[in-house]
Amino acid sequence: MYSEKVMDHFQNPRNVGEIENASGVGTVGNAKCGDIMRIYLDIDDQQIIRDVKFKTFGCGAAVATSSMATELVKGKTIYEALKITNKAVMEALDGLPPVKVHCSLLAEEAIHAALWDYAQKNHIVIEGLEKPKNDISEDEEEEEY
């Protein structure tokens with residue numbers, strides 16, 4: 001049911017924790033399943049993500065997608081991080097069961113929410129970044145899997 005990579009990131013999650021005085025913090029949930037994901041970004045003066053941590057309350061797939069998402073954004077610029085989609089997270093994990101695709105959407109939205117927070121704190125506009133949703137379950141009816 002789950003790939004070896006999903007199991008590895010669930011059993012040995014990378015980048016768990018918090019960053020004190022983070023450059024940006026994004027929290028996103030899914031009211032339907034109860035998952036909550038928070039991502040912390042430490043962004044330097046060149047807008048490169050130096051460090052990233054996460055705290056997730058949810059199922060194994062939510063933990064695995066959080067872990068993989070943090071690995072994908074670390075060392076990237078804010079614009080490179082913005083381009084990381086839920087599909088990229090799923091591909092990096094060698095796929096997710098259809099009923100767990102929403103976990104990868106949570107990861108994408110949490111990255112966007114943290115970038116939004118960073119932009120707000122620094123009074124900048126990140127081209128292509130839209131105001132994130134707090135609850136991704138609002139969109140699930142529209143999503144095609």
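**A walk through the model**

Start with everything displayed: of the 145 residues of the protein, 49% count as buried, where buried means under 20% relative accessible area, exposed over 50% and partly exposed in between (1.4 Å probe, protein chains only). This is a predicted model, in which local features need pLDDT of at least 70 and side-chain atom pairs count only at pLDDT 80 or more, while totals for chains, interfaces and linings use all residues. Residues are numbered from 1 along each chain as its sequence is written, and side-chain values use heavy atoms, with hydrogens and water left out.

**The whole chain**

Switch to cartoon view. You'll find five helices and three strands, and going along the sequence they run α-β-β-β-α-α-α-α. Helices (H or I, at least four residues) and strands (E, at least two) are DSSP runs, numbered from the N terminus.

Now turn the model around. The C-alpha atoms fill a box of roughly 40 × 30 × 20 Å, taken along the principal axes. The radius of gyration is 14 Å, which agrees with the value near 15 Å that a compact globule of 145 residues would have; the radius is taken over C-alpha atoms, and the globule rule is 2.2 Å times the number of residues to the power 0.38.

**Into the core**

Hide the surface and select Ile39, Leu41, Val73, Ile111, Leu115 and Ile126. Of the 40 residues in the largest nonpolar core, these touch the most other members. A nonpolar core here is a set of buried Ala, Val, Leu, Ile, Met, Phe, Trp, Tyr and Cys residues joined through side-chain atoms within 4.5 Å. Strands S2 (35–43) and S3 (49–57) each supply at least two residues of this core, as do helices H2 (60–73), H3 (78–82), H4 (86–92) and H5 (101–121). Which element gives the largest share? That's H5, with 12 residues. In soluble globular proteins, nonpolar side chains tend to be buried together.

Zoom in on Val73. Leaving out residues up to four places away in sequence, Val73 touches Leu41, Ile49, Val52, Ala81, Ile84 and Ile111.

**Ala114, on H5**

Next, click Ala114, which sits in helix H5. Ala114 has a relative accessible area of 0%, so it is buried. What does Ala114 touch, not counting residues up to four places away in sequence? The answer is Gly24, Val25, Gly26, Ile39 and Leu41. Draw a distance from Ala114 to Val25: their C-alpha atoms are separated by 4.3 Å, though the two are 89 residues apart along the chain.

**Asn30, on S1**

Hop over to Asn30 in strand S1 (residues 24–30). Asn30 counts as buried because its relative accessibility is 2%.

**The loop between H4 and H5**

Leu93 lies in the loop between H4 and H5, and its 0% relative accessibility is why it counts as buried. Beyond residues up to four places away in sequence, Leu93 touches Ser3, Lys5, Val6, His9, Ala64, Thr65 and Met68.

Asp94 lies in that loop between H4 and H5 too. Apart from neighbours within four places in sequence, Asp94 is in contact with Ser3 and Lys5. The C-alpha atoms of Asp94 and Lys5 are 6.7 Å apart, while the residues are 89 apart in sequence.

Check the backbone here: Asp94 has a positive phi of about 60° although it is not a glycine. Most residues other than glycine have a negative phi.

**Last stop: His123**

Finish in the segment after H5, where His123 lies. His123 is another non-glycine residue with a positive phi, near 55°. Is His123 buried or exposed? It counts as exposed, because its relative accessibility is 74%.

Note on methods:
Contact = heavy atoms within 4.5 Å.
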